[in-house]
Amino acid sequence: MTRILFVEDDQNLGRLLKENLDNKGFAITWCKDGDMGLNAFTEQEFDLCILDVMMPVKDGFTLSKEIRAMNNDIPIIFLTARSMHEDKIHGLEIGADDYITKPFSTHELFLRINAILRRTQNRSSSSQEKVNQVGKYLFDHKKMTLQFGNDIKRLSSKEADLLSILVQNKEELVPRSVILNKVWGNDDYFSAKSMDVYISKIRKLLKEDPAIEILNAYGSGFKLIVNEV
């Protein structure tokens, strides 16, 4: 059974969503503020978090950073009444897997939860995972690690998935829409902005080997190139 941490201070919405998600077969732990949510996360194991942004005591953005400090891989969905583009982009940049603006239907939330769970389960159950040589780096998608010499860096799930797509298609242009739909589950404006941020992160992770380049074909996609010496 999928265990979900649900943090929402609105009593009516919280009760409604908990009841609906319970009926869908999820195990829901509902907390009514950020501190309660953090305490629950430290005491229990969860497969996914749904966090309201505007909450008393501790807002959802702050809570997500604290959760990420303990578990960098757990999927996070933000719920918010805010419609500002900057807020949505910020949520995606700090590691959210999805961002839903109120009002929304419980069916929409259910579909988004399932889409995220399919991606994470497919990654963990893939039988084709192996260690890849990328220039002077060793990349292990399954373990989500990138090694340069004796230095091993732990990657986030999105960093690992994004790098895996580029590695699997080395020397070939990967369309933006392909990356967005495989890693983010959609190709909307906010996911595209988030992808650009993650491309920059990947470039920084690979900067120790000057033979490695990630080329940007503006508006089309990205290509990983390893220049032979």
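Start by selecting Asp-35: this residue is partly exposed, with a relative accessible area of 34%. (Buried means under 20% relative accessible area, exposed over 50% and partly exposed in between, using a 1.4 Å probe and protein chains only.) You're looking at a predicted model, where local features need pLDDT of at least 70, side-chain atom pairs count only at pLDDT 80 or more, and totals for chains, interfaces and linings use all residues. Residues are numbered from 1 along each chain as its sequence is written, and side-chain values use heavy atoms, with hydrogens and water left out.

(A salt bridge is a side-chain nitrogen of Lys or Arg within 4 Å of a carboxyl oxygen of Asp or Glu.) Asp-35 belongs to helix 2 (residues 34-43) and Lys-58 to the loop between strand 3 (48-52) and helix 3 (60-70), so the pair ties together parts that are 23 residues apart in sequence. (Helices are DSSP runs of H or I with at least four residues, strands are E runs of at least two, and both are numbered from the N terminus.) Lys-58 is buried, at 13% relative accessible area.

Stay on Lys-58 and bring up Glu-66. These two side chains also meet in a salt bridge, 2.9 Å from N to O. Glu-66 is partly exposed, with a relative accessible area of 26%.

Zoom in on Lys-102 and Glu-8, whose closest N and O atoms are 3.1 Å apart in their salt bridge. This pair links distant parts of the chain, 94 residues apart: Lys-102 is in the loop between strand 5 (98-101) and helix 5 (106-125), while Glu-8 is in the loop between strand 1 (3-7) and helix 1 (11-23). Is each end buried or partly exposed? Lys-102 is partly exposed at 23%, whereas Glu-8 counts as buried at 0% relative accessibility.

Last stop, the cysteines. How many disulfides does a search of the whole structure find? The search finds 0, a disulfide being a pair of cysteine sulfur atoms within 2.5 Å. Select Cys-31: its nearest cysteine sulfur is that of Cys-49, 9.8 Å away. Cys-31 counts as buried at 5% relative accessibility, and Cys-49 counts as buried at 0%.
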